[in-house]
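Dear colleague,

I am handing over the structure below, and after it I set out what was found. Please read the notes alongside the model.

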Amino acid sequence: MQIKKAEWQGYRWALDHPQADPDAIEAACYTLYSENRAGVLLYAFERGCALAQAGVQPEALEPV
């Protein structure tokens with residue numbers, strides 16, 4: 001569940017920062033997940049950003 005939350009956080013962040021470049025996305029990742037720099041939460045955040053930029057919504061947090 002924590003991975004999906006990170007993905008959604010990245011998605012929402014990217015919607016709020018539509019002009020963000022890869023460096024800004026990486027900086028946001030490290031700000032939010034500094035204790036997990038090389039971990040899966042960073043990847044999930046970046047994936048959420050990529051989904052937002054592609055106009056695709058991540059999977060729902062709770063199964064419908």
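Helix 1 passes helix 3 in a right-handed crossing, where right-handed means that the near helix is turned clockwise from the far one by less than a right angle. The model is a predicted one, in which local features need pLDDT of at least 70 and side-chain atom pairs count only at pLDDT 80 or more, while totals for chains, interfaces and linings use all residues. Residues are numbered from 1 along each chain as its sequence is written, and side-chain values use heavy atoms, without hydrogens and water.

The axes of helix 1 (residues 2–16) and helix 3 (residues 40–54), which are lines fitted to C-alpha atoms over the stretch in contact, come within 6 Å and cross at roughly 40 degrees. That angle makes helix 1 oblique to helix 3, since angles under 35 degrees count as roughly parallel, over 145 as roughly antiparallel, 65 to 115 as roughly perpendicular and the rest as oblique.

E7, which lies in helix 1, counts as buried at 9% relative accessibility, the cut-off being under 20% relative accessible area with a 1.4 Å probe and protein chains only. Leaving aside neighbours within four places in sequence, E7 is in contact with residues including R47, G48, P58 and E59.

For the chain as a whole, buried residues make up 34% of the 64 residues, and the C-alpha trace spans about 35 × 25 × 15 Å along its principal axes.

Technical notes:
Axes are lines fitted to C-alpha atoms, for helices over the stretch in contact, and angles run from 0 to 180 degrees between N-to-C directions. Helices (H or I, at least four residues) and strands (E, at least two) are DSSP runs, numbered from the N terminus. Buried means under 20% relative accessible area, exposed over 50%, partly exposed in between (1.4 Å probe, protein chains only). Contact means heavy atoms within 4.5 Å.
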